[in-house]
Amino acid sequence: MKQINKKMCRSYRCLPLLLTLLGLLLADSTSAYEGKTVRLALQWFPQAQFAGYYMAKEKGIYSEYGLNVEILRGDADSDSLVRVVSGKADFGTAFLSTAIERRSKGAPLINIGQIVQRSALMLVARNNSGIRTIKDLDGARIGTWGNTFQLQPQALFRREQLQVDFVRQAPSFELFMRGGLDATLAMWYNEYYRLIAYGLNPDEMTTFFFSDLDLNQPEDGIYCLESTMKKSPETAAALVQASVKGWEYAFAHPKETVDTLLRIMKMHKVRANKAHQTWMLARMQDIIMVEGRSQLDTRLKIDDFNATSKMLLQNGVTTTDISYHEFYKDLSQ
Amino acid sequence: MMKPQGIAFRLASLTLLVSTIILAIIVGYNYSVSRKIIVALAEDRGTLLAKSTAKKISTAFMTVQKVIDSVAFSLEDDRLTEKRVNELGQRVLINNPEIFGSAIAFEPFSFQHDNQYYAPYHYRLDGGPIVFARLGSDDYQYFYMDWYQLPRELERPIWTEPYFDKGGGYELMTTYTVPFYRNRDGQKVLQGVVTADISISWVQKLISSLSSREAEYVFLLSRYGTFIAHPNANLVMNETVFTAAESLEYPQLREVGRRMVAGETGVVELNDLPMTGDSFLYFSPLPDQHWSVGFVCSKKEMLAEVSRLNREVATLGGLGFVALALLITFLAKRITHPLRELTVSANDMASGNLEARLPEATTKDEVGELTHSFQAMRESIKNYIENLTETTAAKERIESELRIAHDIQMGILPKLFPAFPEHREFDIYASIEPAKEVGGDLYDFFFVDENNFCFLVGDVSGKGVPAAFFMAVTKTLLKVVAESRLEPGEILAKVNDDLAEDNKSCMFVTLFLAIIDIRTGVVRYASAGHNPPLLLPKNKDAEWIPPLNELVAGIMEGTQYTTKSMTMHPGDTLFIYTDGVTEAMDKMNNLYSEDQLMVVTNQCLGKSAEQLVDSVDKSLKKFTGGAEQSDDITMLAMQYLGKGSKQEGDDRWI
């Protein structure tokens, strides 16, 4: 709405109309600002991975739910859950595995809505590498970036009893592109598209999705502190429900959403690529609205939770069992 | 009067149609040929531009490559101290102004055993003084940076993808980085990499200087298709040619991009590109960097001159067409105008108005000649009609006169039958049928005295008016002379003398003249060259009266004619005729002949004079079958019945 206001100000010719609108808008924004101000920390730069939250804010959905949401963009130096724990944010988005890990280390974080149900993590090999099945990866050099995404691959290779070398590579993925790796981990909505953007055709790549390998891990969810939940469960519920509405809006209006995101990304001086964001939004729909559902289901499935917890335990990331019921509060109703 | 498709219309439309086709062919041919030439020239120019740009950039990069390769070589010396390493880095910058910064980065703990990170870095502070820094910390683990990891893992020098360098004033940079090794127990062991960062702003500037015109531009792609330089700043370092292809929904661009990053050289046609529309793209690689220079040229712009030329040719052609159209229409109208006028006049003439005005024959061409011909024709027709009118009038007058002459001629011949009903001694009947209005045949009969009855038949030579005159003269003379009671021979001699006198025209007449004493039946007769008459004695076959072979009358004065005598018995008939009877012809030019006459008369025994003449006449008509009559036909039958009554005669025969 601020955007509309700014645009209107440029057209002096319709000053009377402007004044009337201004009155209306002021009345409107007053009501919005009357709503509770909450801060939502995202785990990465603005991009279509967070389209639902940005659209909920842009389209006034949060306002409708009585919230004045301030979105805190993430970057390489800031951790969304750290912000929540430190009180710099009221709510934060994070991968399920990250959140369980933090909780096992004592952070009183709870999941109040699981947005991404399906893991976007995948293994990509070039067709000419001769890799056709998982078994062909024995002895392979596999590209990774950071430690966050190694949980499922390690579980996979342990299960398949394969010996592989993980090679940390720069986010440019050049090592893979230049043939320095046999395969690489990739997020379907991000790195996989980068390979396409580098000129590799999808039919030139062999892909393995962890969600198809019985190693699914729900990813982005909304978290807050137990205390926040206790203090104002309505606020938490409103945030989750409005965010769901935001996601639904984004999927229903992909072009508008991508354009809005590109604008926000440019505002934040983040490199913005329309084709990539379009791709990312479409993939987010694939991993959020799983199994062709028309409605967004924010429930954290107990099986998914248990499988993820088990993987974390087996990898030694966590040492204690976390209770599903303490960890997850269903606010979808 | 002029139909929609007159000569003018057909001439004009056909000529214009043909000239339009010719014009279209010329314009089309001109366009396609000049287009081919321009496209070929542009291809040469485009390829050359792409290649020369690629070469220019490559050459500049090559010098940096050589410098860093040699530094890497010297770094393989084991005895290098920290000071020497730092000096080496500094010297690289001093000697090579194009190098922005240079790092010599070592493997963990390989240069200093207590130090995981050892990477001295020299760079130009804001492009000015050379300053020194040490790279590497837990926050800057250079081992996982492309500039370090790629040469390490790939074991060969590499050029990194271009990147924005935050330290270097946010300039677009690329880094050349070479791994160096040392021998450890006979094994080649990686020690680290040496790098040179160079700004590629100059490349961007070079390329934008080549893109001065709106309709063409040069762009540069990195090895993964990232736009390093492009007139659209939004694309630079933000999009790859492949994401651009997707945003534009332009799959062909992706295919071209793949060829470009694969290091191919080529030309492709791309339709409907942003900025340039339908365009040609020429591309050529920078082999060491795996970059690719593309040169885009708007087809429209490229072909603008061709289009302009073509438009001008078409405009000229169009003007020519209009001029031609006007000229042809004018000429056609001028040619056909007198024709149309002539048509009007001719139609007028055809409806009978010979006084209709003919257009002036102003030209000496075919139309002029036609007009002259029409004029001549009209004059001829007029003259002809005048002549015809006169001739017809004259002919009618003559015909009328001839009709009168015929009536007169017929009037001078005794025509009333029975001629002498009071005389029962004889029965006479005659008929005449001229071949023309007037004829040269004559017959007559009259009493010369109380008992002597004269009857005659003649035939004047020739036919028509002269013959008729001669016949009239002859008849009058005969009547006058016969009444002077002369013998038939004397009468003929007298008449001959009169006719022969002053007969300049040398006409003549045959005559048979007989005088019968109706009391006795004695007949005296003479013949001037006439056909022998037939005597039909009662109850006997007909017989010819022997010819006397004497000359025709009117030729020679003084000719003497013999008078013969015979006696007719009651019931005998004398049949006198002209040669029009025996020489009558059928359509096959066969003559009726005397034999046939004899046969017919023999069938007429016991018939009256009139019946005899009628029978012969019918037989003649039947024979000729409607063929044109060639000569006058005259017949006279004199039947002697004897003195007193018929019974007396009958008695005599009993």
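**Close-up 1. The bridge partner of Leu40(A) in the predicted model.** Leu40(A) has Phe91(A) as its bridge partner in β3(A), where strands are DSSP runs of E of at least two residues and helices DSSP runs of H or I of at least four, numbered from the N terminus. Strand β1 (residues 36-41) of chain A runs parallel to strand β3 (residues 91-95) of chain A, and two bridges join them; two strands pair if DSSP finds at least two bridges between them. This is a predicted model, in which local features need pLDDT of at least 70 and side-chain atom pairs count only at pLDDT 80 or more, whereas totals for chains, interfaces and linings use all residues. Residues are numbered from 1 along each chain as its sequence is written, and chains are lettered from A and ligands numbered from 1 in the order in which they are written.

**Close-up 2. The open sheet of chain A.** The sheet has five strands with mixed pairing, in the order β2-β1-β3-β10-β4 (chain A). Its edge strands, β2 (67-72) and β4 (109-114) of chain A, each pair on one side only.

**Close-up 3. Helices α13(B) and α14(B).** Helix α13 (residues 594-602) of chain B packs against helix α14 (residues 609-624) of chain B at an angle of about 135 degrees, their axes being 10 Å apart; axes are lines fitted to C-alpha atoms, for helices over the stretch in contact, and angles run from 0 to 180 degrees between N-to-C directions. Leu597(B), Val600(B) and Thr601(B) in α13(B) meet residues of α14(B) that include Leu612(B) and Val616(B), contact requiring C-beta atoms, placed from the backbone, within 7 Å.

Definitions and conventions: Two residues are in contact if their C-beta atoms, placed from the backbone, lie within 7 Å.
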